[in-house]
Amino acid sequence: MDQSFFMMLSNLLHLHDYLDPTTSTAVSSFAAADATSASSAQLLFCTIATVLTYLASQPFPKKAAKTSSSSSLPAKPSPEFSVAAFRALSTEHIWSMEAPIRDAQWRSLYGLSYPVFTTIVEKLKPYITQSQLSLPSDYAVAMVLSRLAHGLSLKTLASRYALEPYLISKITNMVTRLLATKLYPEFIKIPVSRRRLIETTQGFQEITSLPNVCGAIDTTPIKLHKLGQDTVNSSMYYCKHGFPSILLQVVADQKKIFWDVCVKAPGGYDDATHFRDSLLYNKLISGDVVWEKAVNVQGQPVRPYIVGDWCFPLLSFLLTPYTYNRTSCSPAQNAFDDALMKGRRAVEEAICLLKGRWKILQDLNVGLNHAPQTIVACCVLHNLCQIAREPEPSSWKEPEERGQPPRVLENEKSFYYYGESLRQTLANEVYQRLSSN
């Protein structure tokens with residue numbers, strides 16, 4: 001029994017002797033009390049003694065160690081992740097290393113080389129400075145890049161940098177928002193200038209033999225680490241592969257550089273519905289974007305167009321394969337499908353590189369409200385790496401897609417019929433060229 005219990009019981013015995021001296025072992029010869037008072041005192045003593053005896057028979061709970069969110073963190077960041085260590089790496093040691101070794105080290109830490117890192121910091125620094133962040137701008141950017149590149153959790157970063165998780169979250173949201181808003185217009189742009197359009201269509205023609213292809217479109221689900229219990233219509237986020245996700249739609253050129261990015265729909269949406277909800281679709285269907293570079297193919301003018309798989313609608317500005325399994329097709333149609341799928345490979349490889357380089361997209365561990373900006377930020381970073389010709393890491397492997405062509409909407413019929421005619425013309429052209437070789 002606990003020592004404090006014995007003390008309590010001893011005090012209770014003294015109390016009993018005081019209230020009922022007739023039963024005490026040390027009764028004074030001159031003390032007396034009436035019978036009613038004695039019986040009341042005995043009743044009180046028996047009641048309290050019973051309660052204390054019961055409590056003494058129960059195991060005493062162990063005292064929980066007093067913890068707090070701040071006490072679980074180290075008082076100082078790990079030496080290799082401190083501001084002093086980062087400053088030494090980025091200033092003192094950076095010029096003493098050979099460029100390949102230096103950049104390899106930066107890629108292992110932050111997903112990109114030192115020159116690309118400094119470009120990002122220079123462009124974001126004015127905005128980060130305005131936020132009055134207590135940390136140096138380059139240190140904050142490095143912290144966020146390490147999270148995006150390795151998919152680190154808030155808890156891991158909080159422990160590594162000795163910061164509260166909420167502050168890590170705040171810094172991540174700030175940097176990804178700046179990447180998705182301030183740098184997006186500079187590094188993700190529709191190819192409308194004649195020089196860029198010619199460069200893109202010529203690049204695709206070398207790959208596919210198809211004239212005037214200016215981009216390849218595809219959609220991929222970005223897996224969410226978890227959905228909040230208060231998520232509205234949570235079932236809509238589960239994609240056809242069975243996990244909660246958000247859909248990412250991208251258009252890439254022949255260099256695997258994205259020139260359009262859209263993150264709008266839960267993972268349960270199909271590719272055609274997501275495309276029709278996108279700003280790109282509305283610009284193309286309304287004629288806001290018109291590519292003037294037309295070429296003549298068998299007497300038919302062919303304007304620049306993008307290529308997609310059978311999950312997208314066939315339109316004048318978006319050509320799709322005849323089938324996904326080469327059934328019930330003529331030789332010319334099979335030749336067209338083969339050529340088109342070579343063009344699509346650019347966007348497929350771009351998506352695999354995106355998820356391989358920025359591993360947070362393999363299991364997105366940010367809040368649902370911040371998921372779209374995080375995805376777009378990674379697309380901006382992907383383009384920066386491709387433009388700088390960063391080495392391509394081992395890429396992520398996407399699950400294979402299967403599906404039926406979407407139905408044609410009423411407002412799309414004229415675009416569909418023209419696309420159907422254009423596709424057949426290109427199929428005949430490709431087959432004739434292959435047959436003559």
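Predicted model: local features only at pLDDT ≥ 70, side-chain atom pairs only at ≥ 80, totals over all residues.
Which residue just after α7 takes a positive phi? I looked, and A162 is the one, at about 55°.

**Entry: helix α7**

While I was there, I went through α7 itself, residues 154-161. L157, A158 and Y161 are buried in this helix. I then checked how they sit around the axis: they cover an arc of only 105°, so they end up on the same side of α7. What do the buried residues of α7 pack against? I found α6 (137-150) and α8 (165-187) as their packing partners. A162, with its positive phi, comes just after that helix.

**Entry: salt bridges**

Next I searched the whole structure for salt bridges and got 13. I opened a few of them.

K256 and E392 came up, their side chains meeting at 3.5 Å, N to O. This pair links distant parts of the chain, 136 residues apart. I placed K256 in the loop between β2 (245-252) and β3 (258-262), and E392 in the loop between α13 (371-387) and α14 (413-436). Buried or exposed, I wondered about K256? K256 is buried, because its relative accessible area of 17% falls under the 20% cut-off. E392, at 42%, is partly exposed.

Then I turned to E412 and R276, which form a salt bridge at 2.8 Å, N to O. Here too the pair links distant parts of the chain, 136 residues apart. E412 sits in the loop between α13 and α14, while R276 belongs to helix α10, residues 271-276. I checked the accessibility of both partners: E412 is buried at 0%, and R276 is buried at 16%.

K413 and E410 were my next stop, with a salt bridge of 3.3 Å, N to O. K413 is partly exposed at 34%. E410 has 63% relative accessibility and counts as exposed, because the cut-off for that is over 50%.

I also noted a network: D218, D309, R344 and E348 are joined into one by salt bridges that share partners.

**Entry: aromatic rings**

How many aromatic pairs does the structure hold? I got ten. One of them is F275 with F312, and I jotted down its geometry as edge-to-face, with 5.9 Å centre to centre and 80° between the planes. The label follows from the angle, because planes over 60 degrees apart count as edge-to-face. F275 lies in helix α10 and F312 in the loop between β6 (305-307) and β7 (318-319), so the pair ties together parts 37 residues apart in sequence.

Which residues form one aromatic cluster? I wrote down W106, Y110, Y114 and F117.

**Entry: a charge over a ring**

Which residue lies over the face of Y322? I found R423 there, at 4.0 Å from the ring centre.

Terms used
Residues numbered from 1 in each chain as written. Heavy atoms only, no water. Salt bridge = Lys/Arg side-chain N within 4 Å of Asp/Glu carboxyl O. Helix = DSSP H or I, 4+ residues; strand = E, 2+ residues; numbered from the N terminus. Buried < 20%, exposed > 50% of the residue type's maximum accessible area, 1.4 Å probe, protein only. Arc of directions from axis to C-beta. Contact = heavy atoms within 4.5 Å. Phe/Tyr/Trp six-rings, centres within 6.5 Å; stacked < 30°, edge-to-face > 60°. Lys NZ or Arg CZ within 6 Å of the ring centre and 35° of its normal.
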